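Dear colleague,

I am handing over the structure below, together with some notes on what turned up when I went through it. Please read them alongside the coordinates.

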Amino acid sequence: EGFQVRLPYFVHDSNWKEKIVPLAHKVMHEVIKQRPDIGIMTLFPDQIRSFFCDKFGNRWSTSFVKEFGGENITKMMLDTERYMNLYKHKDEVDPSLLPEPLRREHYRTKEDMAMISAAILNRKKYEKLRFEQV
């Protein structure tokens, strides 16, 4: 259907993202169990990985595994996956499963949602007041 650099999500009216992402997660889960050095790299954005490669070399993640232990990193990645599954199924999530940087994001998101909610409620209150004045 014409050249594209990235795979489009919809091909012939079928959502390929829904098919590919769960398979990619399954493959990554298997990789993490065997190679925690690859698993830990997935926690970092491209820019940080590039910086680490420049500073520590291409095997920087192996150094992380040596320092923090492969079992610890594997547990951290699998706990993160458990958190994601709970979230996806709208179950009660346990932020303690997350590594510290992701846990901070979890709480920041909750704070952002609370502020957005408060702003919406204030706007509704203001609109109700204006409506009653009219």
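**Salt bridges and a helix cap**

D79 is buried, since its relative accessible area is 5%, and please keep in mind for this and everything that follows that the model is a predicted one. Salt bridges with shared partners link D79, K75 and R82 into one network. Within it, the closest N and O atoms of R82 and D79 are 2.2 Å apart, and both residues belong to helix α5 (residues 70-88), where they sit three residues apart, about one turn of the helix. R82, for its part, counts as partly exposed at 45% relative accessibility.

As background to both pairs, an α-helix has 3.6 residues a turn, so residues three or four places apart point the same way.

R35 and D37 form a further salt bridge, with 2.7 Å between the closest N and O atoms; D37 is buried at 11% relative accessible area, whereas R35 is partly exposed at 39%. The count of salt bridges in the model comes to eight.

Finally, helix α1 (residues 16-34) has 19 residues and spans 27 Å from its first C-alpha to its last, close to the 27 Å expected. Its N-terminal end is capped by N15, which has a side-chain oxygen 3.3 Å from the backbone nitrogen of E18.

Best regards

Note on methods: Residues are numbered from 1 along each chain as its sequence is written. This is a predicted model: local features need pLDDT of at least 70, side-chain atom pairs count only at pLDDT 80 or more; totals for chains, interfaces and linings use all residues. Side-chain values use heavy atoms; hydrogens and water are left out. Helices (H or I, at least four residues) and strands (E, at least two) are DSSP runs, numbered from the N terminus. The expected span of a helix is 1.5 Å times one less than its number of residues. A polar contact is a pair of N or O atoms within 3.5 Å; within protein, one must be able to donate a hydrogen and the other to accept it, and residues adjacent in sequence count only if both atoms are side-chain atoms. A salt bridge is a side-chain nitrogen of Lys or Arg within 4 Å of a carboxyl oxygen of Asp or Glu. Buried means under 20% relative accessible area, exposed over 50%, partly exposed in between (1.4 Å probe, protein chains only).
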